[in-house]
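The following note collects several points on the model shown below.

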Amino acid sequence: MSASFTLDLLFSQIWHDPRLRFDHITNCLQNLTLGYSMVEKLWTPNVCFVNSKKTEIHSSPTPNIFLMIYPNGTVWVNYRLQVQSPCMVDLVLFPMDIMNCELIIESYAYNAAKVKLNWREWQPVFSIAKSKLSDFTLYGLQWTKNSFEYAAGQWDQLTVSLTFSRAYGFYILQMYIPTYSSVFLSFVSFWIDLKALPARITLGVSSLMALTFQYGNVAKNLPRVGYVKSIDVYMVLTTAFIFLTMIEVAFVCYLDSENNLRRKERQAEKKKERVAALQRKKDKKKNNYGATTLTNANAAESDLRSNYDEPFSNGTSSSHKISISRQANNMFESLHALAQFGLLADDDDENTKWTAQNVDKFCRKAFPISFCLLNLIYWCYYLYQNYQAKLEALAQMTPPS
């Protein structure tokens, strides 16, 4: 895109030269039409487009110049031209920007004392083609008359201003929708398990590369300006979200490793506490069993005999059974203590709020919602600015008389 526009137009000039009147010769001829070669033999006001980069007369096959002389000496010359002229480009709203292009007409050889320029009283500027182009729409058409002071005197200037609004449908299809796809594709990593870390990293990097490639295709056709454009704001927004997904992957990896380390430390401390508590309980039980054996041996022995109904047992077997019973009781009590204190069970009791799984669950909702909200703000703001620029262009438009 260049800061200029090319326009095909019909440029008419009408002036009065009494030396060319022929009404006193004949009343039958209403006008006199001559060929293009006769223009060079007549006096002309030498009007030109002073701000044009390039101006050409169409030749198909001969120069497209119309010349007519009226009986009273009025001369009408019409040119079919192709004019390339600069435009005032402000890309702050790009691709929803407004462009203002001007054509400045003045006499190159004669100042206002010799040639005065004026617009025709009825509809001096109008368009015979459709106002909607492939990538722009004509919204404003204005014509004014000004005076400009040169060193050689004062010159009249006629200015035509054309205001165009860019059609941004192409950029929505080629820029916005693909980048939306890249951003939402990067959000898929929140649903991928942390164990599949290479897949999450690959997804984020691929989305970032696709986004950079899309923006590069658009930026290479834009002028290098020193201010922030609308599309720059959008690209920073989308790139930031993809970058944050990569940061989230690194954060959950760090969080998961820290939680695992703390979990192992807590388990080691709990096991030490449980072993110490079990040891204290065993010592207490041993003391209790020793007291019972010394003070109430007969009761324990009679209780054991009552539990084991063996009438033919002798004394030696009875004492042996008492010892086995005590060992069994100690073993069952030890197992009960182990189960009670959790030494044999893998206690994975996690009280940490910020785990990798919780962060992923939070990001599954926070990232899409915040992205949609910021996009809503972006589109509302810049569409409103585009609407205001169109209203200003229409307000400057001169209605045809």
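1. Cys87 and Cys101 are both buried, a term that denotes under 20% relative accessible area, with exposed meaning over 50% and partly exposed the range in between (1.4 Å probe, protein chains only). These two residues form a disulfide with sulfur atoms 2.0 Å apart, where a disulfide is a pair of cysteine sulfur atoms within 2.5 Å. The pair links distant parts of the chain, 14 residues apart: Cys87 belongs to strand β6 (residues 74-89) and Cys101 to strand β7 (residues 98-107). The link is right-handed, with 100° about the S-S bond, and the structure holds one disulfide.

2. The model is predicted: local features need pLDDT of at least 70 and side-chain atom pairs count only at pLDDT 80 or more, whereas totals for chains, interfaces and linings use all residues. Residues are numbered from 1 along each chain as its sequence is written, and side-chain values use heavy atoms, with hydrogens and water left out.

3. Two further cysteines may be noted. Cys253 is partly exposed, at a relative accessible area of 23%. Cys363 has 5% relative accessibility and therefore counts as buried.

4. Cys363 is also the site at which helix α6 bends by about 30°; the bend is the angle between axes fitted to the seven residues ending there and the seven starting there. Helices (H or I, at least four residues) and strands (E, at least two) are DSSP runs, numbered from the N terminus. Helix α6 comprises 40 residues and spans 58 Å from its first C-alpha to its last, close to the 58 Å expected at 1.5 Å a residue, the expected span being 1.5 Å times one less than the number of residues.

5. Asn386 is placed in helix α6 (residues 356-395). Is Asn386 buried or exposed? Its relative accessibility is 4%, so Asn386 counts as buried. Apart from neighbours within four places in sequence, Asn386 is in contact with Leu93, Met96, Asp97, Ile98 and Ser165, contact meaning heavy atoms within 4.5 Å.

6. Strands β8 (residues 136-150) and β9 (residues 153-166) pair in the antiparallel sense over 14 bridges; pairing requires that DSSP finds at least two bridges between two strands. They form a hairpin with two residues between them. Lys145 stands opposite Leu158 in β9.

7. An unreviewed UniProt entry carries the annotation "transmembrane region" for residues 168-190, 197-215, 235-255 and 366-384. Residues 168-190 are 78% helix and 0% strand, with end C-alpha atoms 33 Å apart. Residues 366-384 are 100% helix and 0% strand, with end C-alpha atoms 27 Å apart. UniProt positions are given in the numbering used here, feature names are shortened, and annotations may be inferred rather than shown by experiment.
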